[in-house]
Amino acid sequence: MMMRRQLSVCVLLLLVLAGQQQAAAKKYAAIFNFGDSLVDAGNLVVDGIPEYLATAKLPYGMTYFGYPTGRCSDGRLVVDFIAQELGLPLLPPSKARNATFHHGANFAITGATALDTSYFVAKGLGKTVWNSGSLHTQIKWLQEMKPKICSSPEECRGLFRRSLFIVGEFGGNDYNSPLFAFRPLEEVHEFVGDVVNSIGEGIEVIKRACIHKLIAEGAVDLVVPGVLPIGCFPVYLSIFRKQPEMYGGKSGCIKDLNTLSWVHNVALQRKIVELRKKHSDVRIMYADYYTPTIQFVLHAEKWGMLRQKPRACCGAPGIGVYNFNLTSKCGEPGAYACDDPSNHWSWDGIHLTEASYGHIARGWLYGPFADPPIVGNRNLE
């Protein structure tokens with residue numbers, strides 16, 4: 001009898017939790033996503049596939065779609081998993097023609113930065129930044145789209161208040177500019193404050209600015225992701241050769257590059273705390289890319305992945321064991337994909353596999369990779 005009661009209580013709790021998650025999911029009418037190649041759904045290929053763009057060729061897209069979509073992975077991205085879990089369609093690229101945006105849009109585009117191009121040009125880095133649309137440019141694109149999705153400012157604000165905004169990740173390409181110019185790492189660290197402030201400005205009300213920011217547009221639920229542990233990725237491991245003591249003993253990652261990512265994420269979390277205090281009626285969630293990726297490296301078996309030093313699923317032999325070659329990257333002649341991308345965390349040495357993105361998305365939705373989780377702590381009233 002006691003066991004039956006315990007089972008009944010467990011079943012009841014599971015039903016309650018499931019009901020809460022479903023109720024929370026139904027509260028979002030749309031998702032508006034901003035970012036770089038980690039979440040680009042194809043904005044670079046809406047007018048056709050440029051010859052130079054290897055990420056828009058097979059084997060990209062092989063796992064889920066069966067063809068390349070412009071996503072820099074073998075399949076779905078974090079934002080795709082989130083949309084599906086919340087009962088919404090996959091977000092169309094914001095530049096897509098003949099698309100409907102009433103359930104949201106994906107403004108992310110490969111190469112995007114938090115800072116505008118002029119910032120890098122002023123620092124003599126114009127040749128090492130490929131900025132196809134910074135955060136602030138993407139916010140302009142949202143403004144330009146508003147007449148397509150609502151008929152009045154009031155209707156837009158009503159929609160945005162029932163929407164989820166995902167703002168990033170931003171920062172990776174900002175740091176790539178000085179890193180790939182082989183500027184001293186101390187100089188790269190000096191970018192952190194400007195990058196984080198730019199992200200903060202993108203989500204904060206600045207009434208005097210000529211660009212209306214996201215909170216000013218009515219957004220009340222915002223997810224702000226941090227950056228990846230770049231020192232674990234084959235592209236950096238292949239380019240930046242270090243002395244043996246500069247690598248993590250268990251991970252094989254470059255320690256000082258991961259420190260850069262960690263410093264950025266700490267600064268971003270402090271900025272989020274600051275914004276929460278200033279805008280107490282807005283729910284701002286920090287989303288973590290760093291921790292799960294480190295877990296994929298250190299505890300691969302837990303996630304159904306092969307335990308190995310960082311290695312790209314899709315690539316070609318190059319320097320070291322990383323299966324990454326700058327002259328034969330994934331999608332280019334000479335490169336090949338592994339048999340099972342689901343047991344690799346790194347897809348092409350730069351981006352993650354669909355399997356990795358799925359794990360991360362669930363951690364953002366229900367914990368533990370978001371503070372607070374998107375669904376787990378959402379107000380259900």
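Predicted model: local features only at pLDDT ≥ 70, side-chain atom pairs only at ≥ 80, totals over all residues.
Counting bonded cysteines along the chain, I read the disulfide pattern as 1-2, 3-4, 5-8, 6-7. Cys72 stays out of it: this residue is in no disulfide, and the nearest cysteine sulfur, that of Cys330, is 9.7 Å away. With the cut-off for a disulfide at 2.5 Å between sulfur atoms, I counted four disulfides. I then looked up how accessible Cys72 is and found a relative accessible area of 0%, so I noted Cys72 as buried.

**Cys150 and Cys156**

I took this pair next. The sulfur atoms of Cys150 and Cys156 are 1.7 Å apart, and the two form a disulfide.

**Cys313 and Cys338**

I found a disulfide between Cys313 and Cys338, with 2.0 Å between the sulfur atoms. The link of Cys313 and Cys338 is left-handed, with -95 degrees about the S-S bond. It joins distant parts of the chain, 25 residues apart. Cys313 sits in the loop between helix H11 (290–298) and strand E6 (314–315), and Cys338 in the loop between strand E7 (336–337) and helix H12 (354–366). I logged Cys313 as buried, and Cys338 as well.

**Cys314 and Cys330**

The sulfur atoms of Cys314 and Cys330 also lie 2.0 Å apart, and these two cysteines form a disulfide. About their S-S bond the torsion is about 90 degrees, so this disulfide is right-handed. I placed Cys314 in strand E6 and Cys330 in the loop between E6 and E7, so the pair ties together parts that are 16 residues apart in sequence. Both cysteines are buried.

**Lys329**

I moved on to Lys329, whose place is in the loop between E6 and E7. Is Lys329 buried or partly exposed? Its relative accessible area is 26%, so I put Lys329 down as partly exposed; buried would need a value under 20%. Leaving aside neighbours within four places in sequence, I found Lys329 in contact with Phe324 and Ala335. I also checked the distance between the C-alpha atoms of Lys329 and Pro317: they are separated by 9.7 Å, and the two residues are twelve apart along the chain.

**Ser73**

I located Ser73 in the loop between strand E1 (30–34) and helix H2 (78–85). Ser73 is buried, because its relative accessible area is 0%. What does Ser73 touch, not counting residues up to four places away in sequence? I listed Tyr60, Gly61, Trp347, Leu352, Thr353, Glu354 and Tyr357.

**Nonpolar cores**

I looked up the largest nonpolar core and found 106 residues in it. The residues with the most contacts inside this core are Phe32, Ile82 and Trp364. Helix H4 (residues 135–149) supplies the largest share of the core, six residues. A second, separate core has six residues, among them Tyr60, Cys313, Cys330 and Trp347. I noted the general background too: in soluble globular proteins, nonpolar side chains tend to be buried together.

**Largest pocket**

I read off a volume of about 950 Å³ for the largest pocket. Of the 35 residues that line it, Thr110, Asn173, Asn176, Ile350 and His351 are the closest to its centre. By class I sorted the lining into 19 nonpolar, eleven polar and five charged residues. Which helices each supply at least two residues of the lining? I found helix H6 (172–180) and helix H9 (234–239). H6 gives the most to the lining, with five residues.

**Whole chain**

Last, I took the totals. The secondary structure of the protein chain comes to twelve helices and eight strands. Of its 381 residues, 57% are buried. Among contacts between residues at least 6 apart in sequence, I found that 69% join residues at least 24 apart.

Conventions: Residues numbered from 1 in each chain as written. Heavy atoms only, no water. 1 Å grid on protein atoms, 1.4 Å probe; cavity = no way out; pocket = protein on both sides within 12 Å on 5 of 7 lines; lining within 4 Å. Points joined across faces, edges and corners; volume = space filled by probe spheres on them. Helix = DSSP H or I, 4+ residues; strand = E, 2+ residues; numbered from the N terminus. Nonpolar A, V, L, I, M, F, W, Y, C, P; charged D, E, K, R; others polar. Core = buried A, V, L, I, M, F, W, Y, C linked by side-chain atoms within 4.5 Å. Buried < 20%, exposed > 50% of the residue type's maximum accessible area, 1.4 Å probe, protein only. Contact = heavy atoms within 4.5 Å.
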